[in-house]
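I opened this notebook to record what I looked up in the structure. The entries follow the order of my reading.

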Amino acid sequence: MSKIGVAIIMKNNTKKILLALYNQNKQLPSPLSVQQLQRVVPTLSNGGFRSLLHVLAKQGLLTTQRVLQKTTVNISQQGMLSLEVEFPALSQKWDTWAGSWECLVFLGSPPFDKQFRYLRTQLISQGAFSVNRGVYLAPGAFSDVILQECQRRYHAHVLLFKVADWKVATEASFIIEKYGLLDVAEAYSGISSDVNRLLESSEYKKGLIYKDKNAISLAYDRVASVLLEDPGFCLFYFPSVVSVKKLLVSLHNLLQALE
């Protein structure tokens, strides 16, 4: 959260709008028209939708521009950072993650943190998981917050080291189980199939009436729900599954095909 100061607590409609505008290539903005973007939150009235856009623009999460009597909406840098705080799986660090892990082992607990209750809570909140009692793994590296805490107050009470190799057995099975990665992978596959079906349908290609006016909105609901469960490295263990970023690009293309 330090990247953006005070994090904004996002409501569901805000999440969906920012996900619809999400752009993995931050150098190439791809705005949507107001009409296209409104498909993401069809239950809002025209007035309610425009009011929400005004609030999000005031918060610095998106920008609007009017050219040739057409208003377009784009996500801001602040909006991208806020979205990555809300959904850590969108962080660019996972794009190049090669399966490295760090391990933290509890020794004797210090008097100021009996049984490591505080540190344990911090580890879980930062995405680490317990392999066994007093042994925690973190993908890539423990956060700067954890590292600073260990260096400042726990240096005589913990061991922290990088896992160079898995000698006896692969870590994949218990990583997949601990993080529920199979459910995440299956959910993304299901959403991808539905989005591809929509992209291929003649109704969408012509930009005309479509059978289920809530289909796009429901797809974004599902993506937002799965993202809350996705630690970010699902693709590493299930490389054949479509990435959430490509899924968002497909949804974005779907919106752009509509007028």
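I began with the term I needed: a nonpolar core is a set of buried Ala, Val, Leu, Ile, Met, Phe, Trp, Tyr and Cys residues joined through side-chain atoms within 4.5 Å. I note that the model is predicted.

Entry on the cores. I looked up the largest nonpolar core and found 63 residues in it. Within this core, I17, L19, L37 and W101 touch the most other members. Helix α10 (residues 215-227) gives the most to the core, with eight residues. I then listed the contacts of L37, leaving aside neighbours within four places in sequence: I17, A20, L21, L32, F49, L53 and V73. A second, separate core has 13 residues, among them L104, F116, Y136 and I146.

Entry on helix α4. Which residues of helix α4 (residues 77-86) are buried? I recorded G79, M80, L81, S82, L83 and E84. The cover over the buried residues of α4 includes α1 (12-21) and β3 (70-75).

Entry on the packing of α1 and α4. Their axes lie 10 Å apart, and the angle is about 120°. On the α1 side K15, L18 and L19 make the contact, and on the α4 side G79, L83 and E86.

Entry on the hairpin. Strands β5 (residues 129-132) and β6 (residues 135-139) pair in the antiparallel sense over three bridges. F129 stands opposite L137 in β6. Two residues lie between β5 and β6 in this hairpin, and G134 in the turn has a positive phi of about 75°.

Notes:
Residues numbered from 1 in each chain as written. Predicted model: local features only at pLDDT ≥ 70, side-chain atom pairs only at ≥ 80, totals over all residues. Heavy atoms only, no water. Buried < 20%, exposed > 50% of the residue type's maximum accessible area, 1.4 Å probe, protein only. Helix = DSSP H or I, 4+ residues; strand = E, 2+ residues; numbered from the N terminus. Contact = heavy atoms within 4.5 Å. Pairing = 2+ DSSP bridges. Axes fitted to C-alpha atoms, helices over the stretch in contact; angles between N-to-C directions.
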